[in-house]
Amino acid sequence: MCGIVGVVGNPNATDILLQGLEKLEYRGYDSAGIYVSNGAESGRLVKANGRIADLEAKVSGQLAGFAGIGHTRWATHGKPSELNAHPHQSESGRLVMVHNGVIENYAEIRATYLENHHFQGQTDTEIAVHLVGHFVEAESLSVLEAFKKALNIIEGSYAFALMDTENPEVLYVAKNKSPLLIGLGDGYNLVGSDAMAMIRETSDFKEIHDKELVIVEKDQVTIMDYAGNTVERDSYTAELDLSDIGKGTYPYYMLKEIDEQPTVMRKLISTYADADGQMQVDPAIVQAVQEADRLYIIAAGTSYNAGFASKKMLEELTERPVELGIASEWGYEMPLLSQKPLFIFLTQSGETADSRQVLVKANEMGIPSLTVTNVPGSTLSREATYTLLLHAGPEIAVASTKAYTAQIAALAFLAKAVGEANGNAKAEAFDLVHELSLVAQSIEASLSEKDLVDSKVRKLLGTTRNAFYIGRGQDYYVAMEASLKLKEISYIQCEGFAAGELKHGTISLIEDGVPVIALLSANEKVAAHTRGNIAEVQARGAHVLTIVEEGVAHEDDDIVVNQVHPYLSSIAMVIPTQLIAYFATLHRGLDVDKPRNLAKSVTVE
Ligand code: F6R
């Protein structure tokens with residue numbers, strides 16, 4: 001989704017902005033722009049529809065300055081176009097602004113304050129910068145006072161970075177609900193919607209809270225609330241590793257990230273267990289789970305699917321019921337909660353606005369919370385009571401793969417640690433370190449079968465417009481994730497279905513040639529029932545591909561997966577489905593890493 005980067009006090013401002021925007025590309029965007037200045041009224045604005053490479057071509061090394069702001073736009077108000085790309089300018093052109101988020105009362109602002117103003121495009125951002133400009137020009141306020149006044153009027157979610165072309169020594173920034181961070185450089189300072197945008201320059205950051213305004217100068221950062229009271233805040237160091245961000249020799253990040261999964265499993269073992277196999281999970285988190293009478297997992301998309309895949313394991317080992325919540329639904333309405341709830345936010349990015357709105361409510365209600373995330377220092381990590389990190393390394397491809405498997409594995413460590421602390425016999429018998437090593441080996445074995453998957457996919461999904469994944473129990477949860485992965489990048493319409501539920505309506509969609517991919521993990525009874533469902537769809541003409549754990553495999557099964565512990569079978573079973581999505585997309589000539597309309601970090605509700 002939209003990204004912001006800004007810098008003040010560095011003569012390489014243009015490069016810093018362009019490189020920062022490149023680092024934000026993975027979030028998804030449709031146009032980009034930068035404003036760079038070398039002194040009062042010497043600034044230039046360059047925008048391009050399309051990719052950062054198009055913007056770079058337009059800049060072509062001819063833009064020098066010590067300060068600037070840049071933006072990648074993911075369209076909300078107004079179609080993707082150069083006119084709608086940020087930065088936007090005030091009526092006179094004096095102020096320049098970039099914005100992430102959605103301004104809810106933009107129509108009202110326009111009608112009340114900006115009747116005679118002229119707008120270039122259709123964005124809500126243009127309204128915001130015109131409003132600040134209006135207060136500077138019509139009421140002769142300083143830029144700071146005008147910005148403060150506008151912030152007290154604007155409603156909605158936003159991260160703003162504002163520059164005054166007459167005084168480019170200062171960046172004015174503010175946020176509400178949308179992420180924004182200050183980066184502290186050596187003799188210069190930065191601002192970014194994601195630490196990734198600044199990580200080449202610094203690893204020291206200062207967070208900004210909602211409804212705070214920050215004045216960023218080359219040697220000073222002043223944080224204040226909207227009433228103008230200054231706020232003191234310490235900086236922190238983010239543990240991001242720039243070397244992880246490259247694609248290496250891989251054609252796509254998604255393939256690299258799929259291949260990294262055995263390493264991620266081993267990294268989790270070395271992080272959350274000691275050399276003797278003893279759990280090394282923060283005792284405060286273990287205690288928080290022990291004190292809860294029910295665990296609520298709140299998440300979106302793939303993370304929501306990972307929550308389902310972990311539910312049974314968590315319930316059996318912690319002996320607490322686990323309830324799943326779609327974050328965008330719970331933001332509006334919470335169900336009746338138990339007496340002592342613990343909210344667990346599963347979120348790869350730690351920035352998902354839907355999840356965050358539930359966390360804000362949970363904090364207001366005094367409910368303890370745990371964020372399980374891949375991004376240290378992310379908003380949901382900072383604002384939750386506890387954080388459990390995934391240690392999967394940056395995930396750049398829009399389609400999440402290694403974060404899904406890392407979420408299940410990280411929750412396994414938590415579940416076992418709690419179970420052991422409670423004296424739960426199943427937890428004590430579950431040799432997680434050994435079992436997860438077997439999972440890493442199973443993943444490696446599946447990854448060595450890429451050619452097989454490639455050829456099966458070519459045959460099964462080459463021209464189809466729709467497909468089904470079916471499974472029962474744990475396999476149903478994998479089917480949900482597998483179908484999401486396939487549809488989001490290959491655009492094949494795909495449903496993940498509980499195999500036994502097909503006959504209650506959906507089987508009417510099965511006709512000659514419809515692809516059905518059946519998942520059968522090594523539970524004999526369940527697998528036998530799924531085999532029955534396979535026969536039903538085959539009888540109606542479906543083309544079936546089977547992905548089967550070896551304990552229940554038949555000779556004519558298509559893809560056989562090395563068997564792992566039932567608590568971890570979703571990790572092993574999902575790997576071929578990730579490859580299926582990858583190859584189906586590749587065969588269609590589509591961009592695997594950047595599917596249309598999607599963003600990596602979904603920072604609007
Ligand atoms: C799909 C995908 C999304 C995310 C969802 C939540 O491949 O990545 O469905 O899982 O947008 O994002 P996080 O986990 O960052 O909260």
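This is a predicted model: local features need pLDDT of at least 70, side-chain atom pairs count only at pLDDT 80 or more; totals for chains, interfaces and linings use all residues.
Local features were considered at pLDDT of at least 70 and side-chain atom pairs at pLDDT 80 or more, whereas totals for chains, interfaces and linings use all residues. Residues are numbered from 1 along each chain as its sequence is written, and side-chain values use heavy atoms, with hydrogens and water left out.

The domain assignment (bounds from an automatic or database assignment) divides the protein into domain 1 (3-243), domain 2 (247-447) and domain 3 (449-605). Domain 1 and domain 2 have C-alpha centres 33 Å apart, and their contact (heavy atoms within 4.5 Å) takes eleven residues from domain 1 and ten residues from domain 2. Between them these domains bury about 970 Å², of which 56% lies on carbon and sulfur atoms, buried area being the accessible area (1.4 Å probe) that two parts lose on being put together, summed over both. Two salt bridges (a side-chain nitrogen of Lys or Arg within 4 Å of a carboxyl oxygen of Asp or Glu) are counted between domain 1 and domain 2, and a salt bridge also joins the side chains of Glu 207 and Arg 382 at 3.1 Å, N to O.

Around the ligand there are 14 residues (a heavy atom within 4 Å), of which Ser 303, Thr 347, Ser 349, Thr 352 and Glu 488 come nearest. Oxygen atoms of the ligand lie 2.6 Å from a side-chain N or O atom of Ser 349, 2.8 Å from a side-chain N or O atom of Lys 485, and 2.9 Å from a backbone N or O atom of Ser 400.

Conventions
A polar contact is a pair of N or O atoms within 3.5 Å; within protein, one must be able to donate a hydrogen and the other to accept it, and residues adjacent in sequence count only if both atoms are side-chain atoms.
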